[in-house]
Amino acid sequence: MDNHHEEQLTHQQELAGLQEDFPGFRIWREVTGEHVRLIAVRRRRGTSPHTVVTSEAAELRDLLSSQQHIR
């Protein structure tokens, strides 16, 4: 497997992990030119935050984790 395919597999695994950990959000990866960002949008009214956009999976995880305990 070449580096490109390994990188794609890593991104897919990372995304799958985020989706499993945060089922209240629809999460996807968006590539525009050279820019890559992760987007999470709530699935249900009342879930906070409504939307998160970041280029870092760790930041996305931190933001969604910090909000899970707030109601």
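Two residues are in contact here when they have heavy atoms within 4.5 Å of each other. Keep that in mind as you look at this predicted model.

**Helix 1 meets helix 2**

- On the helix 1 side, the residues that touch helix 2 are Glu14, Gly17, Leu18 and Asp21. Their partners in helix 2 are Ala57, Leu60 and Arg61.
- Sort the residues of this contact by type and you get three nonpolar, one polar and three charged.
- To describe two packed helices, you give the angle between their axes and the distance between those axes.
- For helix 1 and helix 2, the axes come within 11 Å and cross at roughly 0°. Angles under 35 degrees count as roughly parallel, so helix 1 and helix 2 are roughly parallel to each other.

**The two sides of helix 2**

- Helix 2 covers residues 57-67, and Ala57, Leu60 and Leu64 are buried in it. Looking down the axis of helix 2, you'd find its buried residues within an arc of 60°, so they line one face of the helix.
- Here's the background: an α-helix has 3.6 residues a turn, so residues three or four places apart point the same way.
- What covers those buried residues? The cover includes helix 1 (3-21), strand 1 (25-32), strand 2 (35-42) and strand 3.

**Thr47, in a loop**

- Find the loop between strand 2 and strand 3, and you'll find Thr47 in it.
- Is Thr47 buried or exposed? Its relative accessibility is 17%, and buried means under 20%, so Thr47 counts as buried.
- Setting aside neighbours within four places in sequence, Thr47 is in contact with Gly24, Phe25 and Arg42.

**Thr51, in a strand**

- Thr51 sits in strand 3, which spans residues 51-54.
- With a relative accessible area of 37%, Thr51 is partly exposed, because that label goes to values between the 20% and 50% cut-offs.
- Apart from neighbours within four places in sequence, Thr51 is in contact with Ala40 and Val41.
- The side chains of Thr51 and His50 are joined by a polar contact of 2.5 Å.
- How far apart are the C-alpha atoms of Thr51 and Pro23? They are separated by 14 Å, and the two residues are 28 residues apart along the chain.

Definitions and conventions: Residues are numbered from 1 along each chain as its sequence is written. This is a predicted model: local features need pLDDT of at least 70, side-chain atom pairs count only at pLDDT 80 or more; totals for chains, interfaces and linings use all residues. Side-chain values use heavy atoms; hydrogens and water are left out. Helices (H or I, at least four residues) and strands (E, at least two) are DSSP runs, numbered from the N terminus. Buried means under 20% relative accessible area, exposed over 50%, partly exposed in between (1.4 Å probe, protein chains only). A polar contact is a pair of N or O atoms within 3.5 Å; within protein, one must be able to donate a hydrogen and the other to accept it, and residues adjacent in sequence count only if both atoms are side-chain atoms. The arc is that of the directions from the helix axis to the C-beta atoms. Axes are lines fitted to C-alpha atoms, for helices over the stretch in contact, and angles run from 0 to 180 degrees between N-to-C directions. Angles under 35 degrees count as roughly parallel, over 145 as roughly antiparallel, 65 to 115 as roughly perpendicular and the rest as oblique. Ala, Val, Leu, Ile, Met, Phe, Trp, Tyr, Cys and Pro count as nonpolar, Asp, Glu, Lys and Arg as charged, and the others, Gly among them, as polar.
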